[in-house]
Amino acid sequence: MPLDTIYLVRHGNRNNWEIDFDKKQYIPEFPTPTGNGADPTLNSSGVQQSYELASHISSPSFTPKPFRIYSSPFYRCIQTIQPTVEELAKKKQLGEIDLDIGTDLNVRVENGLGEWFGGIIFEPPAPVSANVLYTHFPTCLATNPESLYKPFVIPPRCGETLAQLHDRVAATLASIIAQADAEIAAAEAGQVTDSPRTSKAILISSHAAPLIAMGRALTGCMPTEFGEKDFNVFTAGLSTFIRRKPVSEDDQIVLGAVPDWKNGKGVGGDWECVKNSDTNFLSGGAESGWHFEGEASFDTSTTMAKTADSDTCVIATATAVV
């Protein structure tokens, strides 16, 4: 059976940064492992959230377990799911949980899931490569990960409008879902004919703005106002989407291309959000929620920029997300 469950998790609470617009630099609160000022680590409460997330997902009652795992290339996103990957592998080895045949716990670094920098008026620092991330997360990524997985989408380096952000994540999700369907079919083809076909899930770790856009792309429900509070994105909050129907044979999936996802169509079939940034498993509950153009208390780092259009860069007046 094809992919039927998608889990979306926002990174945990992180350390902060400031932006020096004169020098066009991100200045981190603390030195970052990757040397990128816009790529901070989790703070102590974020680390605690990551371990509570791992306990939740690796518990025997949490089903279906992730069959594939994808992440934004930013450090805090992989750091958030690192304990989950390690705990799933440990409990599988000890025989405490079962994972489906063909499950791959190596995190796939997908740039199309990366941060949205909104209307930043200068080119933000690019995330490091998957091979560099492997040196920081050898228990989460396969050796030489870039030889095993190539990102479907690379975001523009000069900022994105809100519409471009939504289309970017729609293209990324459509490609990931198509890949997962194909890999699940291949894994099941190797099973004994009468063996049961179980539910399959993927786990995606990303950021506030892309995750809101992902919820809209999966369900096909694009509000008339970008600022509508439809999908929650609390730190380390876990959203669950269930597939209501597979992709039609008439749908042509072009990997990396923007699909026709609006007006209720959704990407990769019809998806329903059954858990909207669940935080019941977190001791601190719901923290650091965010919405487009939300209340000031929801923003821990924002930038505003004038609208600018050029052949190479499109920048819209918008609040940059954390």
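By class, the lining of the largest cavity has seven nonpolar, six polar and one charged residues; Ala, Val, Leu, Ile, Met, Phe, Trp, Tyr, Cys and Pro count as nonpolar, Asp, Glu, Lys and Arg as charged, and the others, Gly among them, as polar. The model is predicted: local features need pLDDT of at least 70, side-chain atom pairs count only at pLDDT 80 or more, and totals for chains, interfaces and linings use all residues. Residues are numbered from 1 along each chain as its sequence is written, and side-chain values use heavy atoms, with hydrogens and water left out.

The largest cavity holds about 80 Å³ of space. Here a 1 Å grid is laid over the protein atoms alone; a cavity is a set of points where a 1.4 Å probe fits but cannot get out, a pocket is an open set with protein on both sides within 12 Å along at least five of seven lines, and lining residues have an atom within 4 Å of a point. Grid points are joined across faces, edges and corners, and a volume is the space filled by probe spheres set on the points. By this rule there are three cavities of 30 Å³ or more. The largest cavity is lined by 14 residues, of which Leu8, Leu211, Asn232, Val233 and Ser239 are the closest to its centre. At least two lining residues come from each of β1 (5–10), α5, β7 (238–245) and β8 (270–278), and β1 gives the largest share, three residues. Helices (H or I, at least four residues) and strands (E, at least two) are DSSP runs, numbered from the N terminus.

The second largest pocket contains about 290 Å³ of space. Its lining has 18 residues, and Val109, Ala130, Pro145, Glu146 and Tyr149 are the closest to the centre. By class, that lining has 11 nonpolar, three polar and four charged residues.

Helix α5 also takes part in a helix pair. Helix α4 (residues 162–189) packs against helix α5 (residues 208–219) at an angle of about 65 degrees, with the axes 9 Å apart. Axes are lines fitted to C-alpha atoms, for helices over the stretch in contact, and angles run from 0 to 180 degrees between N-to-C directions. The α4 and α5 crossing is right-handed; a crossing is right-handed if the near helix is turned clockwise from the far one by less than a right angle, and left-handed if anticlockwise. On the α4 side, the residues that meet α5 include Leu165, Val169 and Leu173, and their α5 partners include Pro210, Ala213 and Met214. By class, this contact has 11 nonpolar, one polar and one charged residues.

Neighbours within four places in sequence aside, Val169 is in contact (heavy atoms within 4.5 Å) with Gly112, Pro210, Ala213 and Met214.

A second pair is formed by helix α1 (residues 44–58) and helix α2 (residues 75–93), whose axes come within 8 Å and cross at roughly 35 degrees. This crossing is right-handed. Residues making the contact include Val47, Tyr51 and Leu53 of α1, and Ile81, Pro83 and Leu88 of α2. The class count for α1 with α2 is eight nonpolar, five polar and two charged residues.

Over the protein chain, the secondary structure comes to five helices and 10 strands, and 54% of the 322 residues count as buried.

Conventions:
Buried means under 20% relative accessible area, exposed over 50%, partly exposed in between (1.4 Å probe, protein chains only).
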